[in-house]
Amino acid sequence: MPTPKPATHMQIEASHLTEIDGHSYNVSISSDPQAPGTIIVDILGAGPDRAVTVEGHLAVHARSLPHVGPLLAAAFDELAGLSGTTRGSRNDRVPRRRGSGLPTNSHLPWTEELDAELRTAWQSAHPHLTVDDLAEALGAALRVDPQLMRTQFPGATPTREPAKVIAVIAHAMKRSVAAIESRLGRLGLDPALPGTAGGS
């Protein structure tokens with residue numbers, strides 16, 4: 001099926017291909033460096049005959065992300081009722097993702113630059129930081145928009161659980177949690193102690 005073509009100045013953060021009831025949908029998520037904190041969502045869908053059935057482009061500020069899903073779901077539910085169609089059972093709507101499901105960078109080797117980014121991110125994740133300062137520190141270390149990083153910590157204060165910090169770093173680096181934990185150990189960093197320098 002065709003894939004969305006975001007503007008060249010945008011850096012793709014994630015792309016997901018799913019199938020629902022024989023229809024294929026590709027959703028690409030990107031950040032716009034010209035509008036900090038803005039997330040671009042492109043969706044393209046095709047039916048079994050490969051004819052395009054849905055195409056859309058949405059610009060959302062990170063602060064509004066928690067609202068968009070419920071808002072669209074409510075709107076589509078109302079449209080379905082007006083058109084006389086139903087959304088089907090919950091099990092019928094479970095998407096099936098193609099491919100192995102591995103993060104997009106899982107197959108790439110670790111480089112000195114990536115090791116340095118991981119080390120800096122882990123050492124900057126001090127437990128005493130506020131959630132905004134933590135997002136700023138991790139964003140700077142991993143070269144990710146701090147507003148995007150902030151969405152990974154929905155609470156007023158950052159979690160003190162190392163597993164959460166590892167999960168956020170894994171998401172930003174497009175690696176698995178296991179890969180991040182393993183690499184921290186290889187770098188002499190303790191996966192149980194974010195914000196520490198570890199061994200040499």
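Is Ser-124 buried or exposed? I looked it up: Ser-124 is buried, with a relative accessible area of 15%. Buried is under 20% relative accessible area, exposed is over 50%, and partly exposed is in between (1.4 Å probe, protein chains only).

Ground rules for myself: this is a predicted model, where local features need pLDDT of at least 70, side-chain atom pairs count only at pLDDT 80 or more, and totals for chains, interfaces and linings use all residues. Residues are numbered from 1 along each chain as its sequence is written, and side-chain values use heavy atoms, with hydrogens and water left out.

**Entry: helix 2.** Ser-124 lies in helix 2. Helices here are DSSP runs (H or I, at least four residues), strands are runs of E (at least two), and both are numbered from the N terminus. I checked what Ser-124 touches, leaving aside neighbours within four places in sequence: Leu-129, Ala-137, Leu-138 and Ala-141. Contact means heavy atoms within 4.5 Å. Besides Ser-124, the buried residues of helix 2 include Leu-118 and Trp-122. Their cover includes helix 3, helix 5 and helix 6.

**Entry: helix 3.** The 12 residues of helix 3 should span 16 Å at 1.5 Å a residue, and the end C-alpha atoms are 16 Å apart, so the two agree. The expected span is 1.5 Å times one less than the number of residues. Among the buried residues of helix 3 are Leu-134, Leu-138 and Leu-142. The buried ones pack against helix 2, helix 4 and helix 5. Just past the end of helix 3, I found Arg-143 with a positive phi of about 55°.

**Entry: the core.** A nonpolar core is a set of buried Ala, Val, Leu, Ile, Met, Phe, Trp, Tyr and Cys residues joined through side-chain atoms within 4.5 Å. The largest one has 30 residues, and Leu-138 is one of those with the most contacts inside it. Helix 2 (112-124) and helix 3 (131-142) are among the elements that give two or more residues to this core.

**Entry: strands.** Strand 3 (residues 38-46) and strand 4 (residues 52-61) pair in the antiparallel sense over nine bridges. Pairing takes at least two DSSP bridges between the strands. I spotted Asp-42 opposite His-57 in strand 4. Five residues sit between the strands of this hairpin, where Arg-50 takes a positive phi near 70°.
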